[in-house]
Amino acid sequence: MLLRAAVDIDARIAGPVRRMLDIQQPDGAIPWYEDGPWDSWNHAECAMALAVAGERDAAWAAMEALAARQHADGAFAGEYGNALPMTADLMRIERIAGPQVRDTNFTAYVATAALHLHLLGERRR
């Protein structure tokens with residue numbers, strides 16, 4: 001079973017990888033969904049996934065987007081999507097800008113993504 005999973009991995013991740021690539025912005029940012037909130041936590045998770053999936057250019061564009069959004073004090077602001085209102089049918093998050101917050105684990109996830117790419121042997125070309 002494990003071998004079968006390993007053999008089928010490309011097929012199994014193709015959909016999620018395509019989704020991340022489809023919503024990645026021209027500057028490399030990857031929001032939660034089209035026109036949705038952005039935070040460095042979810043963004044860094046996507047950058048790591050793209051790197052593992054072999055989408056190196058997209059992963060590096062994501063890392064460069066993180067660098068561009070880092071504040072002088074080292075923090076990252078993100079749109080706190082969990083604070084967004086739901087649509088009237090309670091099926092979707094409203095597509096409005098979320099409140100900007102600085103959260104320590106946002107920064108921790110960025111550090112994890114940077115280490116992850118380093119451990120994969122990735123270097124910007």
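Tutor: Here is a walk from the whole chain to the pair, and on to its surroundings.

This is a predicted model, in which local features need pLDDT of at least 70, side-chain atom pairs count only at pLDDT 80 or more, and totals for chains, interfaces and linings use all residues. Residues are numbered from 1 along each chain as its sequence is written, and side-chain values use heavy atoms, with hydrogens and water left out.

The protein has five helices and two strands. Helices (H or I, at least four residues) and strands (E, at least two) are DSSP runs, numbered from the N terminus. Along the sequence the pattern reads α-α-α-α-β-β-α.

Now the pair. Rings of Phe, Tyr and Trp (its six-membered ring) pair if their centres lie within 6.5 Å; planes under 30 degrees apart count as stacked, over 60 as edge-to-face and the rest as tilted. The ring centres of Trp 41 and Tyr 109 are 4.8 Å apart and the planes meet at 20°, so this pair is stacked. Trp 41 belongs to helix H3 and Tyr 109 to helix H5, so the pair ties together parts that are 68 residues apart in sequence.

Trp 41 is partly exposed, because its relative accessible area is 32%. Tyr 109 is partly exposed too, at 25%.

Look next at Phe 76. This residue lies in the loop between H4 and strand S1 (77–79). Phe 76 counts as buried because its relative accessibility is 3%. From Trp 41, Phe 76 is 35 residues away in sequence and 9.4 Å away in space, C-alpha to C-alpha.

Stay in H3 for His 43. This histidine is buried, because its relative accessible area is 0%. Contact means heavy atoms within 4.5 Å. Leaving aside neighbours within four places in sequence, His 43 is in contact with Gly 28, Ala 29, Ile 30, Trp 38, Ala 62, Ala 65 and Leu 66.

Arg 69 lies over the face of Trp 38, 4.8 Å from the ring centre. A charge sits over a ring if NZ of Lys or CZ of Arg is within 6 Å of the ring centre and within 35 degrees of the ring normal.

Ala 62, Ala 65 and Leu 66 bring in H4, where they are among the buried residues. Met 63 is also buried there. Leaving aside neighbours within four places in sequence, Met 63 is in contact with Ala 47, Ala 113, Ala 114 and Leu 117.

That leads to the core. A nonpolar core is a set of buried Ala, Val, Leu, Ile, Met, Phe, Trp, Tyr and Cys residues joined through side-chain atoms within 4.5 Å. The largest one has 24 residues, and those with the most contacts inside it are Ile 30, Leu 50, Met 63, Leu 66 and Leu 117. Helices H2 (9–23), H3 (40–52), H4 (56–69) and H5 (104–119) each give two or more residues to this core.

Conventions: Buried < 20%, exposed > 50% of the residue type's maximum accessible area, 1.4 Å probe, protein only.
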